[in-house]
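Dear colleague,

Please find below a structure that I am handing over to you. My notes on what was found in it follow directly after.

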Amino acid sequence: MRYGWFLLLLLPFLLAPFPFYLTLLNFFALSGLVALSLYVLTGLAGMTSFAQAAFMGMGAYATALLTVKAGLSPWFGLAAGLALSLLLALVLGGLTVRLKGHFLPLSTIAWQVALYILAGNLVGLTGGHTGLTDLPPLVLLGFPLDNAFRYGLLSLLVLVLAVLALHNLRFSRLGRALLALRGDALAAASFGVDPAALRLKAFLLAGAMAGLAGFLYAHFLRFVNPTPFSLEASIKYLVMAVAGGVGTIPGVLLGAALFTGLEDWLKDLLPLLLGRQGNYETIAYGLVLAGILLLAPQGLFPLLARFLPRKEGSLPRAEPLPLPAPSGARGEVVLEAQGLRKAFGGLLAVNGVFFALRRGEILALIGPNGAGKSTTFNLLTGAIPPDGGRVFLFGKEITGLPPHRIHPLGLGRTFQHPHLFPELSVLENAALGTYARTRAGFSRVLLGLHGEEEARALATAYRALKRVGLEGLALEPAARLTAGQQRLLEIARLLASGAEVLLLDEPAAGLRAGEKRELARLLKALAREGYTVLIVDHDMDLIMGLADRVVVMNYGEKIAEGTPEEVQRNPLVRAAYLGEAA
Ligand code: ADP
Ligand code: MG
């Protein structure tokens with residue numbers, strides 16, 4: 001089915017009698033490649049770049065300079081172009097991926113504008129606005145690609161290979177992790193994704209793709225000047241991708257096809273309509289984009305896709321990943337908080353909390369709303385750094401480590417408000433948990449060599465779904481789940497992660513009575529198997545029937561610790577809960 005994309009290679013044959021359309025076809029393929037780079041960047045990773053044309057410029061000028069000025073082979077030009085685009089991406093991304101909000105788009109605009117000005121003014125090197133002419137044609141297997149028909153075969157082949165590689169990426173641990181990052185970086189980090197590193201890699205991939213498109217563009221026209229690598233061009237690519245549907249591969253290609261055709265048509269039409277010459281396309285693009293987004297906020301393709309037959313996924317059948325062997329004896333301390341402290345402004349949310357969690361036990365952390373329980377979870381898992389105190393996991397100090405470094409050591413958590421990814425299937429949401437247990441990197445994934453590991457990751461996720469009773473919904477989008485099912489899915493994701501120490505923040509909130517009993521049975525079974533559970537919940541019946549020990553917090557401080565019976569009798573606890581005089 002996926003290989004159906006190769007049918008695009010028939011287009012040059014169909015259009016062979018129409019040289020003009022062959023040229024447009026090349027422009028479509030090259031714009032499509034740039035739009036696909038935005039699928040990676042915006043569609044998957046949720047970043048915005050106004051510099052994709054500048055990356056193209058790197059690819060184009062590198063090969064122009066090396067072939068025209070130094071007389072080298074275009075393949076040196078390709079290598080240099082890719083290296084330059086990667087370098088630009090490294091600088092741009094390296095400076096900004098850690099920053100939130102608008103820093104990345106703004107700095108891409110700045111670089112885009114600066115490089116454009118540079119290309120126009122370094123007349124001695126780049127030929128200024130006149131550019132560089134007489135680039136040699138590419139030669140493949142002895143054939144010079146010196147006409148639009150031959151070149152179309154190459155540009156479409158590159159486009160199709162890019163589509164297949166990105167399809168591999170989408171259905172891999174990296175694709176899921178990128179989508180998760182876009183939705184919720186904290187949740188992604190909690191199962192081992194290093195947000196800054198992964199964003200940077202996505203940025204590098206997108207930069208290299210645009211650089212490759214620039215190289216192909218230069219040898220197609222056999223001439224480069226700054227115009228096609230301007231900010232307007234970058235905006236055009238963004239508009240294409242967004243209008244077509246930046247979240248899907250067919251969407252960005254639809255956008256590329258539409259706008260390549262539109263551009264040509266508008267160039268003829270607008271001067272007629274307006275009665276004068278000028279670059280009015282940009283305004284027209286803006287209007288078209290606004291129109292499309294009003295009609296279809298996700299872009300055109302998702303709108304059309306509703307009328308296409310829905311593909312049924314299939315359930316995984318591979319062997320799950322092996323369960324990690326328990327690493328020590330029952331009863332030994334696995335997680336220890338020593339004097340944890342955290343203040344928000346003047347409010348001491350957690351104030352000197354000590355406790356130890358022992359292997360195989362279920363420890364409940366209870367207390368009135370605002371007592372500091374969720375903040376304690378965030379301190380233990382690295383989601384926020386403590387102001388004071390230390391945390392030890394399996395005897396190793398983890399204070400101040402970020403969540404993506406802590407998780408792989410064997411600590412997993414769920415959130416008070418489920419952090420799931422509604423557009424992913426239930427199975428894929430659970431499979432996110434296996435991120436830290438799988439290894440395939442970008443090169444393996446893009447080449448499609450991650451299949452076996454991916455199958456095992458999905459099988460692991462499916463086994464975890466069975467454990468919480470959600471296997472019947474595996475292929476549904478997570479958006480369909482009830483509040484209770486969402487909590488169970490977070491637990492399944494946690495089980496798929498193989499973490500031994502499970503921190504559950506109000507897992508029973510929103511569950512029905514029957515579901516709560518199931519949950520209690522599951523947690524008890526897990527504890528018997530050697531998992532260790534720290535649970536926060538407000539349902540006292542559940543907690544009292546489940547917990548081996550209870551730690552009670554109030555106003556950020558630990559006020560009691562003991563067996564459920566002991567804390568229930570404790571006058572301080574009764575006072576905190578019931579407002580009784582102590
Ligand atoms: P619990 O989970 O026990 O209900 P929390 O740990 O969520 O309590 O909150 C403890 C206190 O810290 C509350 O008063 C809450 O308003 C405050 N708090 C929690 N997170 C933040 C934050 N990010 N910024 C400011 N105040 C916060
Ligand atoms: Mg809370």
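In these notes, Ala, Val, Leu, Ile, Met, Phe, Trp, Tyr, Cys and Pro count as nonpolar, Asp, Glu, Lys and Arg as charged, and the others, Gly among them, as polar. On that basis, the shell around ligand 1 holds four nonpolar residues, five polar ones and one charged.

This is a predicted model, in which local features need pLDDT of at least 70 and side-chain atom pairs count only at pLDDT 80 or more, while totals for chains, interfaces and linings use all residues. Residues are numbered from 1 along each chain as its sequence is written, chains are lettered from A and ligands numbered from 1 in the order in which they are written, and side-chain values use heavy atoms, with hydrogens and water left out.

**The ligand**

The residues around ligand 1 (those with a heavy atom within 4 Å of it) are F344, L347, A349, N369, G370, A371, G372, K373, S374 and T375. Polar contacts are pairs of N or O atoms within 3.5 Å; within protein, one atom must be able to donate a hydrogen and the other to accept it, and residues adjacent in sequence count only if both atoms are side-chain atoms. An oxygen atom of ligand 1 lies 2.8 Å from a backbone N or O atom of G370, and for A371 the corresponding distance is 3.2 Å. A polar backbone atom of S374 is 2.9 Å from an oxygen atom of the ligand. Taken alone, ligand 1 exposes 560 Å², of which the protein buries 59%; these areas come from the Shrake-Rupley method with a 1.4 Å probe.

Helix α15 gives the most to this shell, with three residues. Helices are DSSP runs of H or I with at least four residues, and strands are runs of E with at least two, numbered from the N terminus.

**T376**

T376 belongs to helix α15, residues 373-381. Is T376 buried or exposed? T376 is buried (under 20% relative accessible area; exposed is over 50%, partly exposed in between, with a 1.4 Å probe and protein chains only), because its relative accessible area is 0%. A polar atom of its side chain lies 2.7 Å from the backbone oxygen of G372.

R222, which is not a glycine, has a positive phi near 60°. R222 is partly exposed, at 32% relative accessibility. E506 is likewise not a glycine and has a positive phi of about 50°, but E506 is buried, at 9%.

Yours sincerely
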